[in-house]
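Visitor: I would like to learn how to read the packing of helices in a model, going from one feature to the next. Could you take me through an example?

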Amino acid sequence: MFDGIMTARGACLAEYTTLHLGGPADVMAFPRNADEIARLYAEARDAGMNVTVIGHGSNLLVKDGGIRGLTVCIGRNMAEVRTEGNLIRAGAGCMLAKAAAAAAENSLTGLEFASGIPGTVGGGVYMNAGAYGGELAQVVREVHAVSPDGQSLCFAGGEMRFGYRQSRAMTEPMIITEVTFCLNKGNRDEILASMADLNSRRAEKQPLNMHSAGSTFKRPQGYFAGALIEQCGLKGYRIGGASVSEKHAGFLVNDGGTAADFLALIQYVSDTVMEKTGVRLESEVRILGEDRC
């Protein structure tokens with residue numbers, strides 16, 4: 001099964017998430033293109049295996065029991081990036097920082113905000129990632145994908161139904177394979193200076209030296225999640241090896257805990273903020289897998 005496609009059995013998923021949490025994957029595959037993705041789905045379907053798709057794992061919490069069936073990792077095997085005029089075409093496994101760097105190198109402006117987002121192009125488009133007032137919806141021109149039955153799909157940016165941390169890919173079965181960004185000509189030095197400024201601000205305010213999944217909660221309308229959490233006195237609050245960052249309360253971090261610790265902390269923070277402020281925080285982190293038996 002899956003002959004000719006790079007696979008691993010029993011891979012520890014903690015090694016494939018920025019939280020460094022998660023149990024084993026029954027089978028993990030690393031496809032190189034859309035054809036291999038279609039083949040993986042077909043063979044998994046014939047074998048009665050569930051299929052789960054992940055990217056860099058920067059917005060992902062895998063439970064301690066791991067993931068059953070086939071886990072497809074869209075990563076470095078699909079990370080090509082190329083420039084055509086004012087367009088950047090990037091494979092779904094390309095890191096957003098790499099795409100932003102390619103844009104800057106070619107004096108294209110519009111992706112500066114994404115230069116510090118620690119995720120892939122595919123994962124970023126899937127959730128309409130954003131930072132510092134920018135989001136991918138603003139620059140996506142075209143999205144190529146494959147359906148679980150092997151059909152090639154193509155959507156214009158306006159057809160992706162982007163919203164705050166959401167897209168069409170969240171509600172319809174598809175695996176993003178390539179994205180085209182439409183950018184504007186700019187001054188290379190100014191673009192690089194803007195990226196350096198944003199990344200400096202990020203390093204100053206965020207716990208980049210800790211294992212996290214980025215901002216844990218979505219921004220509630222009219223509020224900031226971190227401010228509400230800090231207002232409730234939860235900075236530094238800990239359950240096992242999971243804690244609320246002392247540097248930025250919007251980040252929950254892992255320093256030797258378990259996925260169960262992290263899930264319990266998410267629930268505790270959400271419940272406490274609801275009790276004290278009347279605002280319900282909704283987790284932004286994608287949660288997959290099974291609890292440990």
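Visitor: At what angle do H2 and H4 pack, and how far apart are their axes?

Guide: Bear in mind that this is a predicted model. An angle between two helices compares their N-to-C directions, and here H2 and H4 pack at about 150 degrees, with their axes 8 Å apart. Because angles over 145 degrees count as roughly antiparallel, H2 is roughly antiparallel to H4.

Visitor: Which residues in H2 and H4 meet?

Guide: From H2 come Ala100, Ala101, Ala104 and Glu105, and these meet Arg188, Ile191, Leu192 and Met195 of H4.

Visitor: How should I read the pattern of burial along H4, and which of the residues in H4 are buried?

Guide: The general idea is that an α-helix has 3.6 residues a turn, so residues three or four places apart point the same way. In H4 the buried residues are Ile191, Met195, Leu198 and Arg202. They lie on the same side of H4, because the arc they cover around the axis is only 65 degrees. On the other side of H4, Asp189, Glu190 and Glu204 are exposed.

Visitor: What do the buried residues of H4 pack against?

Guide: Their partners are helix H2 (96-105), strand S8 (108-109) and strand S9 (130-131). Turning to H2, its buried residues are Leu96, Ala99, Ala100, Ala102, Ala103 and Ala104, and these pack against strand S6 (81-84), strand S7 (87-91), S8, helix H3 (121-127) and H4.

Visitor: How far does H4 reach, and what caps its N-terminal end?

Guide: A span can be set against the one expected at 1.5 Å a residue, and H4, with 18 residues (188-205), reaches 26 Å from its first C-alpha to its last, close to the expected 26 Å. The cap at the N-terminal end is Asn187, which has a side-chain oxygen 3.0 Å from the backbone nitrogen of Asp189. As for the end of H2, Ser107, just after that helix, takes a positive phi of about 55 degrees.

Visitor: Elsewhere in the chain, is Ile229 buried or exposed, and which residues does Ile229 touch?

Guide: Ile229, found in helix H5 (residues 225-231), is buried, with a relative accessible area of 0%. Leaving aside residues up to four places away in sequence, Ile229 touches Phe217, Leu234, Val244, Ala249, Gly250, Val269, Val273 and Leu281.

Note on methods. Residues are numbered from 1 along each chain as its sequence is written. This is a predicted model: local features need pLDDT of at least 70, side-chain atom pairs count only at pLDDT 80 or more; totals for chains, interfaces and linings use all residues. Side-chain values use heavy atoms; hydrogens and water are left out. Helices (H or I, at least four residues) and strands (E, at least two) are DSSP runs, numbered from the N terminus. The expected span of a helix is 1.5 Å times one less than its number of residues. Buried means under 20% relative accessible area, exposed over 50%, partly exposed in between (1.4 Å probe, protein chains only). The arc is that of the directions from the helix axis to the C-beta atoms. Contact means heavy atoms within 4.5 Å. A polar contact is a pair of N or O atoms within 3.5 Å; within protein, one must be able to donate a hydrogen and the other to accept it, and residues adjacent in sequence count only if both atoms are side-chain atoms. Axes are lines fitted to C-alpha atoms, for helices over the stretch in contact, and angles run from 0 to 180 degrees between N-to-C directions. Angles under 35 degrees count as roughly parallel, over 145 as roughly antiparallel, 65 to 115 as roughly perpendicular and the rest as oblique.
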